[in-house]
Amino acid sequence: MRFFERDRVQAFLREQGIETEIYYPVPMHLQECFAYLSHKVGDFPESEGAAKETLALPVYPELTDDQAPYVVEGVKEFFRK
């Protein structure tokens, strides 16, 4: 998945009633609390790419046997289009 698709996937899933999250939109080495380490954009390209692409799907103990396949089908439906 390319980062420009992440937002489209998230919007599509939201329309299906599936909530997702983007937990780390800024890679750790670029967060203000680590500024004292003097890292800059490009120092950790994999981390920066992951921050642009990662989307957290619902995964938690209370997710029911009906909900889990619904999430999977929602993701599959997006990529079928």
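Is E73 buried, partly exposed or exposed? In this predicted model, E73 comes out as partly exposed, with a relative accessible area of 37%. Its side chain pairs up with that of R80 in a salt bridge, at 3.4 Å from N to O.

V71, G74 and F78 are the buried residues of α3. Looking down the helix axis, these buried residues fall within an arc of 60°, so they line one face of α3.

A search of the whole structure turns up six salt bridges. One of them joins the side chains of D7 and R6, at 3.8 Å from N to O. Here D7 is partly exposed at 44% relative accessibility, while R6 counts as buried at 10%. Another links R14 to E19, with an N to O distance of 3.8 Å. In that pair, R14 is partly exposed at 43%, and E19 is partly exposed too, at 48%.

T20 sits in the loop between α1 (3-15) and α2 (45-53). With a relative accessible area of 5%, T20 is under the 20% cut-off and so counts as buried. Its side chain makes a polar contact with the side chain of Q10, at 3.1 Å. Setting aside neighbours within four places in sequence, T20 touches Q10, L13, L55, A56, L57 and P58.

Conventions: Residues numbered from 1 in each chain as written. Predicted model: local features only at pLDDT ≥ 70, side-chain atom pairs only at ≥ 80, totals over all residues. Heavy atoms only, no water. Helix = DSSP H or I, 4+ residues; strand = E, 2+ residues; numbered from the N terminus. Buried < 20%, exposed > 50% of the residue type's maximum accessible area, 1.4 Å probe, protein only. Polar contact = N/O pair within 3.5 Å; in protein donor to acceptor, adjacent residues only side chain to side chain. Contact = heavy atoms within 4.5 Å. Arc of directions from axis to C-beta. Salt bridge = Lys/Arg side-chain N within 4 Å of Asp/Glu carboxyl O.
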